[in-house]
Amino acid sequence: MRIMAVINQKGGCGKTTTAINLSACLAELGCEVLLMDLDPQGHSGLGLGVTPAPSRKGMYEALTREASLEEVIHPVRTNLDLVPAGITLAALEQRLAGTDQRESQLPLIISQMKRYYDYILLDCPPSLGLLTINALMASSEVLVPLEAGVFSLHGMGRLLETIDLVKTHGQRTLKVRLLVTLYDGRTNHSKAVLGQVSETFGDLLLKTIIRQTVRLREAARAGLPIAEYDRTSRGYEDYNALAREMMAAEEQTVLPIIPEKDFLETLEQVMKRS
Ligand SMILES: Nc1ncnc2c1ncn2[C@@H]1O[C@H](COP(=O)(O)OP(=O)(O)O)[C@@H](O)[C@H]1O
Ligand SMILES: [Mg+2]
């Protein structure tokens, strides 16, 4: 089981688009995939045509143990299941404040899950708060989308520092990969950002680049993965290439989580610094 957090504390860099379309392409290639939405905005569900309903249980109920993980898994496509999120998830941090192991609830419930998936993808919110930390604690791999349309390296230091802390204090192996998204080859700006990213983080950068295309935006609005919305689109070509690049990468094993006692305090200090 490869567990992959899609993380960047910046909003609008393509996390949800990547989580949905990478999941759908992996599922199409025959992998069993579970997509977990960790963003209270619930965009992962919306992008797959699942509209939030107060009666539909999701991530919040699973993380607070009001429901089992199995109870909140919804089949959405062949080989693709979803744990949806809703606005209630925004209250999780408050709900878990002061409780033990609040940074480890997600890995704990995943480790108790009876079902097997080839991939679990975690669509993270645009912050380095408790939900993102839970995602990092549960993951064996991290995928960081970087928007080529803006100067996006700002904040990377803190993100990588947080990931490093989880690695050392959480005693975990975490393979980090960077994915350039919203790339527009016609602009010098996109080219400059790509140049800088490969110069600074060359060894972490994925070969696949996700180009900018209005079709991806339209597909999300229509509640469909790009594979169903427009197979001739370069959005499909790129996400399909990404799925294949991921499948070709060496499998990561999930290690048990052994957080140190002062781990959460250290993390929270880093998270508070801006
Ligand atoms: N490659 C792309 N080309 C065009 N639009 C994109 C692309 N990737 C994402 N978008 C659009 O940009 C917006 C932000 O993307 P999203 O995936 O929701 O980012 P995040 O989850 O990081 O906030 C959405 O409207 C989405 O449809
Ligand atoms: Mg998102």
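Which residue forms a salt bridge with E66? The partner is R95, and the closest N and O atoms of the pair are 2.9 Å apart.

## Basis of the report

This is a predicted model, in which local features need pLDDT of at least 70, side-chain atom pairs count only at pLDDT 80 or more, and totals for chains, interfaces and linings use all residues. Residues are numbered from 1 along each chain as its sequence is written, chains are lettered from A and ligands numbered from 1 in the order in which they are written, and side-chain values use heavy atoms, with hydrogens and water left out.

## Salt bridges

A salt bridge is a side-chain nitrogen of Lys or Arg within 4 Å of a carboxyl oxygen of Asp or Glu. By this rule the count comes to 13 salt bridges.

One of them joins E66 and R95. The pair links distant parts of the chain, 29 residues apart: E66 belongs to the loop between helix 3 (59–63) and strand 3 (74–77), and R95 to helix 4 (residues 92–96). Helices (H or I, at least four residues) and strands (E, at least two) are DSSP runs, numbered from the N terminus.

## The surroundings of ligand 1

Ligand 1 is surrounded by 14 residues, and the closest are G12, K15, T16, T17 and T213; a residue counts as near if one of its heavy atoms lies within 4 Å. The shell divides into 4 nonpolar, 7 polar and 3 charged residues, where Ala, Val, Leu, Ile, Met, Phe, Trp, Tyr, Cys and Pro are nonpolar, Asp, Glu, Lys and Arg charged, and the others, Gly among them, polar. Helix 1 (15–28) and helix 9 (214–222) each supply at least two residues of this shell, and the largest share, 3 residues, comes from helix 1.

Polar contacts are pairs of N or O atoms within 3.5 Å. An oxygen atom of ligand 1 is 2.9 Å from a side-chain N or O atom of K15, and a backbone N or O atom of G14 lies 3.1 Å from an oxygen atom of the ligand. A polar backbone atom of R211 is 2.9 Å from a nitrogen atom of ligand 1.

## The ends of helix 9

At the start of helix 9, a side-chain oxygen of T213 reaches to within 3.0 Å of the backbone nitrogen of R215. G223 follows helix 9, and its phi is positive, near 75 degrees.

Methods. Polar contact = N/O pair within 3.5 Å; in protein donor to acceptor, adjacent residues only side chain to side chain.
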